[in-house]
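Subject: Structure handover

Hello,

Here is the structure for you to look over. My notes on the ligand site and the pockets follow.

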Amino acid sequence: MDLDLTPRELLTTTRAVRLRLDLERPVDRADVEDCLRLAFQAPNGSNQQLWQWVLVDDAPTRAAMADIYRAAMDGYIAEMSAKRARGSAPAQASGATQQRMTESVFHLREHLHEVPVLLVPTVAGRLDNATIFEQATRWASVIPAVWSFMLALRTKGMGSAWTTLHLHREAEMADLLGIPSRVTQVGLFPVAHTIGTDFKPADRSASEATIHWNHW
Ligand SMILES: Cc1cc2nc3c(=O)[nH]c(=O)nc-3n(C[C@H](O)[C@H](O)[C@H](O)COP(=O)(O)O)c2cc1C
């Protein structure tokens, strides 16, 4: 049954869910497909609908996807620490909020294979050497739909988290899932029911400072 959320509640409480993904409760394919149908209403360039959506509920495939995610994440962490040691990357942020997020990110790393459904949204074409116009147009032809999908999940008591770490090993994921080489992956999205449905708005304390009226 859909949750009774006001638009304001929906927009302020659709969070990155990692610690509260219910790893025990199965997800109904029909519910996920319904969320995608809502997502397909999103704006996209010239209404070309260049997106394709790979949903995985097969356990061995999810395990292999999680292995790729973990290897990509570990490689990225090692690369960033080496850069920090050389002084060519900023020091890691500290504080309680950052600590909580790091714990949550590592929790997802450990449990990704247990998440009932994993989604890899894709968009046609490659952006490797694209102009800013081409990049902005192509990315914005799929990302609004992905966010709509996450909002739709929330209305059904499910949740997800935007992740891009596996893209460090994009080719391995493409091989595993049979994604053609002329297609670009957007990220990897865990899909599960949430443990409880009560989520709080995030603290986006810097937002006021980013608003400019009439001139930067
Ligand atoms: C482009 C992008 C990439 C992200 N990549 C990852 C990721 O690889 N792994 C992960 O656990 N979270 C990832 N996140 C989730 C962010 O950490 C999360 O959205 C942010 O901390 C805000 O969380 P909140 O909306 O719950 O406050 C990503 C988010 C975005 C928008």
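Helices (H or I, at least four residues) and strands (E, at least two) are DSSP runs, numbered from the N terminus. This is a predicted model: local features need pLDDT of at least 70, side-chain atom pairs count only at pLDDT 80 or more, and totals for chains, interfaces and linings use all residues. Residues are numbered from 1 along each chain as its sequence is written, and side-chain values use heavy atoms, with hydrogens and water left out.

Largest pocket first. A pocket is an open set of points on a 1 Å grid over the protein atoms alone, where a 1.4 Å probe fits, with protein on both sides within 12 Å along at least five of seven lines; lining residues have an atom within 4 Å of a point. Its volume, the space filled by probe spheres set on the points (joined across faces, edges and corners), is about 1000 Å³. The lining has 26 residues; Arg 15, Ala 16, Arg 18, Ala 202 and Arg 204 lie nearest the centre. H4 supplies the largest share, six residues.

Now the ligand. Residues around it (a heavy atom within 4 Å) include Arg 15, Tyr 69, Met 101 and Trp 162. Polar contacts are N or O pairs within 3.5 Å. The Tyr 69 side chain has an N or O atom 2.9 Å from a ligand nitrogen. A backbone N or O atom of Trp 162 is 2.7 Å from a ligand nitrogen. A polar backbone atom of Leu 165 sits 3.1 Å from a ligand oxygen.

Best wishes

Key: Polar contact = N/O pair within 3.5 Å; in protein donor to acceptor, adjacent residues only side chain to side chain.
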